Amino acid sequence: MCAEPERPATISQNDKHDAQDQNGSGCDGKRGARRDAGKLHEERVSDLHGEEAAARTPRVAVSHSGGMNQLRHGVNALQVGEVELLLTVTSGGTAVHLAHVANPEDAGRAAVHEYYFDANRRSAPLELSYDRAALLAARWAPMTLCGREWAVMIAGEGGPLSELNDEVAFAPTCGRCLSIMDKLFPAPAPDQRLPLIAKLGADSILEHGHAEVRDVPGDQQQTLRTAVRTLVRQRAGENCRSYVQESVIFFVSEAIYAEHAEDNMRAAAEAIDRALTGGDLTPVHEPAWRLSWDTWNIS
Ligand SMILES: [Zn+2]
């Protein structure tokens with residue numbers, strides 16, 4: 001009789017299919033029975049460095065927790081907010097693309113073809129490294145974000161999908177897919193005081209040619225810069241540039257400023273000097289073109 005003394009403690013009870021393989025060539029029940037889980041684990045790790053063992057041993061068969069059940073990996077996907085994106089490759093292509101989840105009314109594709117789990121390919125690491133149900137779930141759109149038909153999920157943390165291809169990837173390399181993914185990041189919710197401050201900033205630019213807004217939170221800066229520029233363009237038909245130094249945003253419309261050059265020269269020179277030298281930004285006085293985000297807290 002040969003029970004499962006050689007069976008490493010790190011292999012889960014679900015791996016019945018591979019018990020025979022793991023027992024390998026010998027059946028040394030007495031020797032194996034005396035081993036504790038820690039010893040088995042050490043040998044398991046050591047074995048992984050041997051080529052022969054590597055061929056029959058999945059990379060993740062040894063969990064890093066040492067003795068706990070192995071962890072099977074799901075699909076190789078990125079989570080962007082609420083959106084899940086599968087890392088894929090196209091047939092014959094080298095770039096790593098992204099595919100989103102199929103619309104509910106459309107038929108989805110599995111991350112890998114069932115062929116990858118074919119019993120004849122049992123020696124491949126896929127079966128033990130990856131969650132079969134997760135990889136075969138037909139839930140992905142057939143096209144990449146950039147509009148290509150993808151072939152298969154690229155391997156990820158679970159290791160190669162087959163012994164013939166050791167390529168793994170953890171991020172897309174297709175520029176088009178990347179730029180589309182960037183747009184999926186949710187924009188920060190605009191603060192309710194933002195429209196008012198944008199209007200006051202634009203008022204100041206129209207009157208003086210420039211404005212300065214202090215204490216602007218980082219996640220509101222880009223929205224405020226865009227809002228002020230848009231207002232100045234709408235109301236005066238002029239362009240407006242903005243510069244950021246930490247929490248302070250400087251706005252300058254050169255065309256409008258030129259109309260008020262003489263009046264504004266001294267104040268603007270002071271502001272620019274402070275911005276460029278990183279000097280003390282504490283105002284000596286509060287000119288009309290200087291605004292503070294905190295002053296207008298209406299929340
Ligand atoms: Zn792409």
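Colleague: What share of the 299 residues in the protein is buried?
Modeller: This is a predicted model, in which local features need pLDDT of at least 70, side-chain atom pairs count only at pLDDT 80 or more, and totals for chains, interfaces and linings use all residues. Residues are numbered from 1 along each chain as its sequence is written. A residue is buried if 20 or more other C-beta atoms, placed from the backbone, lie within 10 Å of its own, exposed if 12 or fewer, and partly exposed in between. Of the 299 residues, the buried share is 28%.

Colleague: Which element has the lowest mean pLDDT?
Modeller: pLDDT is the predictor's confidence in each residue, from 0 to 100. The protein has a mean of 74, and 70% of its residues reach 70 or more. Elements are DSSP runs numbered from the N terminus: helices are H or I, at least four residues, and strands are E, at least two. Strand β3 (residues 96–100) has the highest mean, 96, and the lowest, 31, belongs to helix α4 (residues 51–56).

Colleague: How many contacts beyond four places in sequence does the model have for residues 1–69?
Modeller: Two residues are in contact if their C-beta atoms, placed from the backbone, lie within 7 Å. Over residues 1–69 pLDDT stays under 50. The contacts the model has there number 71.

Colleague: Why do the buried residues of α8 lie on the same side?
Modeller: In α8, the buried residues are I197, A198, G201, A202, S204, I205 and H208. Taking directions from the helix axis to the C-beta atoms, they share one side of α8 because they cover an arc of only 160°.

Colleague: What distance separates the end C-alpha atoms of helix α8?
Modeller: The expected span is 1.5 Å times one less than the number of residues. For the 15 residues of α8 (residues 194–208), that gives 21 Å. The model agrees, with the end C-alpha atoms apart by 21 Å.

Colleague: Which residue follows α8, and what is its phi?
Modeller: The phi there is positive. The residue after α8 is G209, with phi near 95°.

Colleague: Which residue of β7 is the bridge partner of E212?
Modeller: Two strands pair if DSSP finds at least two bridges between them. Strand β5 (residues 210–214) runs antiparallel to β7, with four bridges. In β7, E212 has as its partner F250.

Colleague: Which residue takes a positive phi in the hairpin of β6 and β7?
Modeller: Strand β6 (residues 241–245) is antiparallel to β7, joined by five bridges. Q245 stands opposite V248. Two residues lie between the strands, and the one with a positive phi, near 55°, is E246.
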